[in-house]
Amino acid sequence: MFEKLKEKLGIAKKEEEHSGNVDVRGTSINVTANSRDFEEIAANLKISLLEADIALPVADRISNVLLKKLDDKSIRLKGDRNSVFKEAVRETIREVASVPPLDVIDNASKKSPYVIMFVGMNGTGKTTSIAKLAELFRSKGYYVVIAASDTFRAGAIEQIALHGEKIGVKVIKHQAGGDPAAVSFDAVKHASKVERSVVLIDTAGRMQNNKNLLEEMKKIKRISNPDLILLTLDALSGTDVLSQAKLFDEAVGINGYIVTKIDADAKGGCVISLLSETKKPILYIGTGQTYSDLVQFSLDWYLNRLLN
Ligand SMILES: Nc1nc2c(ncn2[C@@H]2O[C@H](COP(=O)(O)OP(=O)(O)O)[C@@H](O)[C@H]2O)c(=O)[nH]1
Ligand SMILES: [Mg+2]
């Protein structure tokens, strides 16, 4: 994971490359000469970021912040170029991509039923992520109810019902073609009878330009009154995640994201773009197709993957 981005950032290089002309120790260094070097580093970084699927304004922001940081740092450069650069990149990304975290497990312990609605384009991993979270909540002692509100395809109802059986959680379903909002209503009603319960609402994949389907999603929201609306985004869609985030946020209001398929050769850059551009939290990262392939997101986790 992230090997491509690492490689692009030039931080996976061999030791001997670290002692180039920026290998300055102590305080007596030529700042001007280094500044030029830093400009080149920042420009290369920007290209690398773009190649790693980071959106242009974000790549600009990062390379500018990095350049300033390297300049500020130039008088106290110690050690090898690689670690100074790595630390500067780490600080830069922290500055540009920090968003207050949202702990869904903790939030769910404060309200019952705790209702989470999942939205996202077809194939981005809504149903799979719901199954993973259902397993996580179940393992923490919650009573989990899944609403099979993707009634658009019969296969979708079967898919989620099968997950429910495997995990051992309740799935509320109606017939294919039924009213998705009614399914969510029934699920919330069912969960209301049980203490410490969580409702996970699956929805149909929305075509970006399909107004009716967006209206339907608004209706599910109105009827089920979710505590949280999460958007699943496929890391493989690169910078397109930003337009998806915008579309869904305008339609129903998004509280945070689950970024899936980071394992599937994704470049990982969309994570930084999302955080930096939307300032909404990423709650989880999907790292595979089994129930345990879900990592609670933190910027430190990401940076460790990226820079170590
Ligand atoms: N490799 C990988 N595949 C995933 C991940 N999340 C979902 N998938 C796969 O992506 C495909 C679409 O997922 P699905 O949950 O049905 O998407 P939905 O249409 O949004 O409900 C399925 O084949 C999943 O197994 C992930 O984190 N990693
Ligand atoms: Mg689905």
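A residue is called buried here when its relative accessible area is under 20%, exposed when that area is over 50%, and partly exposed in between, as found with a 1.4 Å probe on protein chains only. The structure is a predicted model, in which local features need pLDDT of at least 70 and side-chain atom pairs count only at pLDDT 80 or more, whereas totals for chains, interfaces and linings use all residues. Residues are numbered from 1 along each chain as its sequence is written, chains are lettered from A and ligands numbered from 1 in the order in which they are written, and side-chain values use heavy atoms, with hydrogens and water left out.

Helices (H or I, at least four residues) and strands (E, at least two) are DSSP runs, numbered from the N terminus. On this basis, the protein contains twelve helices and eight strands. Of its 308 residues, 52% are buried. Contact means heavy atoms within 4.5 Å. Among contacts with a separation of 6 or more, 75% are made by residues 24 or more positions apart.

Strand S4 (residues 197-203) is mostly covered, seven of its seven residues being buried. In a regular strand the side chains alternate between the two faces of the sheet. Both faces of S4 are covered: buried residues are found on one side at Ser 197, Val 199, Ile 201 and Thr 203, and on the other at Val 198, Leu 200 and Asp 202.

Pairing of strands requires that DSSP find at least two bridges between them. S4 is joined to S1 by four bridges, and these two strands run parallel; in this pairing Tyr 114 stands opposite Val 198. S4 also pairs with S2 in the parallel sense, over seven bridges. Here Ile 146 faces Leu 200, and Ala 147 stands opposite Ile 201. Strand S2 (residues 143-149) is largely enclosed by the rest of the structure, because six of its seven residues are buried. A parallel pairing over three bridges links S2 to strand S3 (residues 170-172), where Ile 172 is the bridge partner of Ala 147. Together with helix H7 (residues 154-167), S2 and S3 make a right-handed β-α-β unit; right-handed means that, with the strands pointing away from the viewer, the path from the first strand over the helix to the second runs clockwise.

Ile 116 belongs to strand S1 (residues 114-119) and is buried, with a relative accessible area of 0%. Not counting residues up to four places away in sequence, Ile 116 touches Val 104, Phe 137, Val 199, Leu 200, Ile 201, Leu 228 and Leu 230.

Thr 260, in strand S6 (residues 256-260), counts as buried at 4% relative accessibility. A polar atom of its side chain lies 2.6 Å from the backbone oxygen of Thr 124. With neighbours within four places in sequence left aside, the residues in contact with Thr 260 include Thr 124, Ser 129, Leu 233 and Gly 286.

Helix H11 (residues 269-278) has eight of its ten residues buried, so it is largely enclosed by the rest of the structure. Among the buried residues of H11 are Cys 270, Val 271, Ile 272 and Leu 274. Just after H11, Lys 279 takes a positive phi of about 55°.

Further backbone features lie in loops. Ser 112 and Pro 113 are joined by a cis peptide bond, with omega about -5°, and Pro 113 is placed in the loop between helix H5 (104-108) and S1. Asp 53, a residue other than glycine, has a positive phi near 75° and lies in the loop between helix H2 (31-51) and helix H3 (56-73). Arg 196, likewise not glycine, has a positive phi near 50°. Arg 196 sits in the loop between helix H8 (180-192) and S4 and is partly exposed, with a relative accessible area of 40%.

On a 1 Å grid over the protein atoms alone, a pocket is an open set of points where a 1.4 Å probe fits, with protein on both sides within 12 Å along at least five of seven lines; lining residues have an atom within 4 Å of a point. The second largest pocket holds about 240 Å³ of space, the volume being that filled by probe spheres set on the points, which are joined across faces, edges and corners. Its lining comprises 17 residues, of which Val 99, Pro 101, Phe 297, Ser 298 and Leu 299 lie nearest the centre. Strand S7 (282-286) and helix H12 (299-307) each supply at least two lining residues, and S7 gives the most, with three.

Methods: Polar contact = N/O pair within 3.5 Å; in protein donor to acceptor, adjacent residues only side chain to side chain.
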